[in-house]
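Me: I have not worked with this structure before. Please show me how to read it, one feature at a time.

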Amino acid sequence: FMVLSGANFSFYYYLLRKQWDKVFYDEELRFYIGVIVVATLLIAWDIRNIVPAKDLIRTSAFHVVSIITTTGYTTANFDAWPAFSKMILLLLMFFGGCAGSTAGAMKQIRMLILSKYCGKELIHTLHPKAVVQVKVNGKPIPDDVLRSILAFSFVYIALFVLGTLFITMLGEDMITAISAAATTLGNVGPGFGKLGPELTFSQIPQIGKFVLSILMLMGRLELFTVMVC
């Protein structure tokens, strides 16, 4: 159900209309499922000596899906996992679910387009005269949309960095500060360090809670909406 809630809700309309191709061949959905599968397998491999074999896939999949869909549920203290697994979960806090879903963070479609844009620039570096378009589902992405995504990504990362710096200024350690900014901006839930899945934000100073509340609001309302207001 978490995976379903992280997918674009328009897919369900297409399924009801029996427009199967618009769902099964959608690049964002494939990217979304692919990220979940790869992250699950990597974490399962990394925690194979910590979690019993019979619970390995279930435990890793549950936490990957919970983090990437910004649902925030936990069944284990993943803060006690190896650094590699924790880094994957931290990165997933930025991905989020698909556009048109209930999930927060940056959204899969932006990550997909950014990766294709990077590929385009790499091809231009190797072949300056090549004409390459960024396409999703066979349709070229307009330049104004690309500029909007790049601007959004810059502002998102900038807020994450500023939030991290502010929390460290309050005396918190780097791991706690990084996860605090990432999890609140993405509306994920649990973090790492003093904000691990078995702990709460209660020990963060009042001014810190106020700033993190602003990050949660901005992250949920797509940044520019709040900034314009």
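The dialogue below goes from the overall fold to the core.

Reply: Keep in mind that this is a predicted model.

Me: How many helices and strands does the protein chain have, and in what order do they run?

Reply: Begin by listing the elements. The protein chain has eleven helices and two strands.

Me: What does the radius of gyration say about the protein chain?

Reply: Compare the value with the one for a compact globule. For 229 residues such a globule would have a radius of gyration near 17 Å, and the protein chain has 19 Å, which agrees. The C-alpha trace spans about 50 × 45 × 40 Å along its principal axes.

Me: What share of the residues is buried?

Reply: Buried here means under 20% relative accessible area. In the protein chain, 43% of the 229 residues count as buried. The chain exposes about 12,200 Å², with 69% of that supplied by carbon and sulfur atoms.

Me: Which residues of the largest nonpolar core touch the most other members?

Reply: In soluble globular proteins, nonpolar side chains tend to be buried together. Here the largest nonpolar core has 58 residues, and Leu89, Leu92, Ile113, Tyr156 and Leu223 touch the most other members. Helix 8 gives the largest share of this core, eight residues.

Me: What is leucine 89 in contact with, leaving aside its neighbours within four places in sequence?

Reply: With those neighbours set aside, leucine 89 is in contact with Ile43, His63, Val64, Ile67, Phe78, Trp81 and Phe192.

Definitions and conventions: Residues numbered from 1 in each chain as written. Predicted model: local features only at pLDDT ≥ 70, side-chain atom pairs only at ≥ 80, totals over all residues. Heavy atoms only, no water. Helix = DSSP H or I, 4+ residues; strand = E, 2+ residues; numbered from the N terminus. Rg over C-alpha atoms; globule rule 2.2 N^0.38 Å. Buried < 20%, exposed > 50% of the residue type's maximum accessible area, 1.4 Å probe, protein only. Areas by Shrake-Rupley, 256 points an atom, 1.4 Å probe, with all protein chains shown as cover. Core = buried A, V, L, I, M, F, W, Y, C linked by side-chain atoms within 4.5 Å. Contact = heavy atoms within 4.5 Å.
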